[in-house]
Amino acid sequence: MSRKTRKHPEFMRQALELAHEASLQGEVPVGALLVANGEIVGRGYNRREQDTDPLGHAELMAIQQACQKLGSWRIPRSTLYVTLEPCPMCSGAIVQSRIERVVFGCRDPKAGAVRSLYALLEDPRLPHRCQVIEGILEEECRTMLTQFFKELRSKRSTK
């Protein structure tokens, strides 16, 4: 296992902490961390409910923060860690920002645009393609989402 590969679980754990923060705020627990040259340059977690904004996805928050920090809309030689497979909107932003690699925890069978429903990040018709690594801390990522939705359904059924 290479040194870079050994870092994947470490960074995914930090993304899981961000997802937990989203959960505490009543948001779907998805966290994202953007790393460039070994340094964390962007962090994000879902904020759609909080901000009443359909663009409030974890990946977009991390990308925006990184762009501001780096002073560029391009983020080459970077890795985005996200607990859930990105949707079409986030995949488009990933391609546009020229992120080199996406590492995600678990697939999203309803909206996943990286492997589940589409393969946007590796589509040869697009001007940029990303390396994709999936399944890092997959069980922890899936469990957090499953538990969140189980609790949400339970709250709704008691009302």
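Colleague: Is R125 buried or exposed?

Modeller: R125 is exposed, with a relative accessible area of 72%. Buried means under 20% relative accessible area, exposed over 50%, and partly exposed in between, using a 1.4 Å probe and protein chains only.

Colleague: Before we go on, what kind of model is this?

Modeller: This is a predicted model: local features need pLDDT of at least 70, side-chain atom pairs count only at pLDDT 80 or more, and totals for chains, interfaces and linings use all residues. Residues are numbered from 1 along each chain as its sequence is written, and side-chain values use heavy atoms, with hydrogens and water left out.

Colleague: Back to R125. Which residue forms a salt bridge with R125?

Modeller: D123 does, and the closest N and O atoms are 2.6 Å apart. A salt bridge here is a side-chain nitrogen of Lys or Arg within 4 Å of a carboxyl oxygen of Asp or Glu.

Colleague: And D123, buried or exposed?

Modeller: D123 counts as buried, at 11% relative accessibility. D123 sits in the loop between β4 and β5. Helices (H or I, at least four residues) and strands (E, at least two) are DSSP runs, numbered from the N terminus.

Colleague: How far is D123 from W73?

Modeller: The C-alpha atoms of D123 and W73 are 21 Å apart in space. In sequence, D123 and W73 are 50 residues apart.

Colleague: How many salt bridges does the structure hold?

Modeller: The count is 10 salt bridges. One of them joins R47 to D51, with the closest N and O atoms 2.8 Å apart. R47 is partly exposed at 23% relative accessible area, and D51 is partly exposed at 31%.

Colleague: What about R101 and E100?

Modeller: Their side chains meet in a salt bridge, 3.3 Å from N to O. R101 is buried, at 12% relative accessible area. E100 counts as partly exposed, at 32%.

Colleague: Which residues are linked in a network?

Modeller: R107, R115, E122 and E134 are linked by salt bridges into a network.

Colleague: New topic. How many disulfides are there?

Modeller: Zero disulfides. The cut-off is a pair of cysteine sulfur atoms within 2.5 Å.

Colleague: C90 is in α4, then. Which residues of that helix are buried?

Modeller: In α4 (residues 88-96), the buried residues are C90, S91, I94 and V95. Seen down the axis of α4, they fall within an arc of 140°, so they line one face of the helix. The arc is that of the directions from the helix axis to the C-beta atoms.

Colleague: What do those buried residues pack against?

Modeller: They pack against α3, β3 and β4 (101-106). Contact means heavy atoms within 4.5 Å.

Colleague: What follows α4?

Modeller: R98 does, and its phi is positive, near 65°.

Colleague: Now the sheet. What's the strand order?

Modeller: It reads β2-β1-β3-β4-β5, five strands in an open sheet with mixed pairing. The edge strands are β2 (39-45) and β5 (131-134), each pairing on one side only. From one strand to the next, the twist averages 15°. Two strands pair if DSSP finds at least two bridges between them.

Colleague: How do β1 and β3 run, parallel or antiparallel?

Modeller: Antiparallel: β1 (residues 31-36) and β3 (residues 78-84) are joined by five bridges. L33 stands opposite Y81 in β3.

Colleague: And β3 with β4, parallel or antiparallel?

Modeller: Parallel, over five bridges. Here the bridge partner of Y81 is V103, in β4.

Colleague: How many residues of β4 are buried?

Modeller: Six of its six residues, so to speak of cover, β4 is mostly covered.

Colleague: Last one. Where does α3 lie?

Modeller: Helix α3 (residues 58-70) lies across β1, β2 and β3. Helix α3 runs at about 145° to β2. Axes are lines fitted to C-alpha atoms, for helices over the stretch in contact, and angles run from 0 to 180 degrees between N-to-C directions.
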